[in-house]
Amino acid sequence: MEEKKKLSILLLISFIIGAAYLVYSMVYWSGAVGSGDDIAEQIGVGLAATLVMPHLICTALAVIFNGLGVFLKKRGFALTGAILYSVALVLFPVYFMFVIVEMILSYIGFAKMPKSK
């Protein structure tokens with residue numbers, strides 16, 4: 001008889017925080033782009049959005065893989081999500097505080113998941 005695997009609480013918390021950060025980022029950056037009074041301010045906001053975009057894309061992928069790891073209970077997806085959070089941190093270190101907790105929780109959650117047979 002196959003034993004039921006429980007959801008990883010750490011991965012679930014990481015998933016929720018990561019999803020909340022993505023929603024916050026979408027709201028923030030959609031409001032910031034095009035809100036400048038003059039052309040120089042609009043160019044500055046456009047450059048900032050361009051610089052942060054790889055970080056946000058990598059974070060979105062991390063949240064997706066984190067969710068797959070949680071709900072499918074697969075270690076490989078959990079590890080991939082944790083690595084993607086690490087890459088997102090490296091891509092835009094100024095926003096480290098938005099992904100460091102998710103990254104740490106994902107690595108610990110991965111380590112605590114039972115190994116597949």
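Contact, in this presentation, means heavy atoms within 4.5 Å. The structure is a predicted model, in which local features need pLDDT of at least 70, side-chain atom pairs count only at pLDDT 80 or more, and totals for chains, interfaces and linings use all residues. Residues are numbered from 1 along each chain as its sequence is written, and side-chain values use heavy atoms, with hydrogens and water left out.

I begin with the overall fold. The protein has four helices and zero strands, where helices are DSSP runs of H or I with at least four residues, strands are runs of E with at least two, and both are numbered from the N terminus. The radius of gyration, taken over C-alpha atoms, is 17 Å, well over the 13 Å that the globule rule (2.2 Å times the number of residues to the power 0.38) gives for 117 residues, so the protein is more spread out than a compact globule. The C-alpha trace spans about 65 × 20 × 15 Å along its principal axes. Among contacts with a separation of 6 or more, 71% join residues 24 or more positions apart.

I turn now to one helix pair. Helix α2 (residues 39–72) packs against helix α3 (residues 75–91) at an angle of about 160°, their axes lying 7 Å apart; axes are lines fitted to C-alpha atoms over the stretch in contact, and angles run from 0 to 180 degrees between N-to-C directions. That makes α2 roughly antiparallel (an angle over 145 degrees) to α3.

Which residues in α2 meet α3? They include P54, H55, C58 and L72, while the α3 residues they meet include F77, Y85 and L91.

Note on methods
Parallel < 35°, antiparallel > 145°, perpendicular 65-115°, else oblique.
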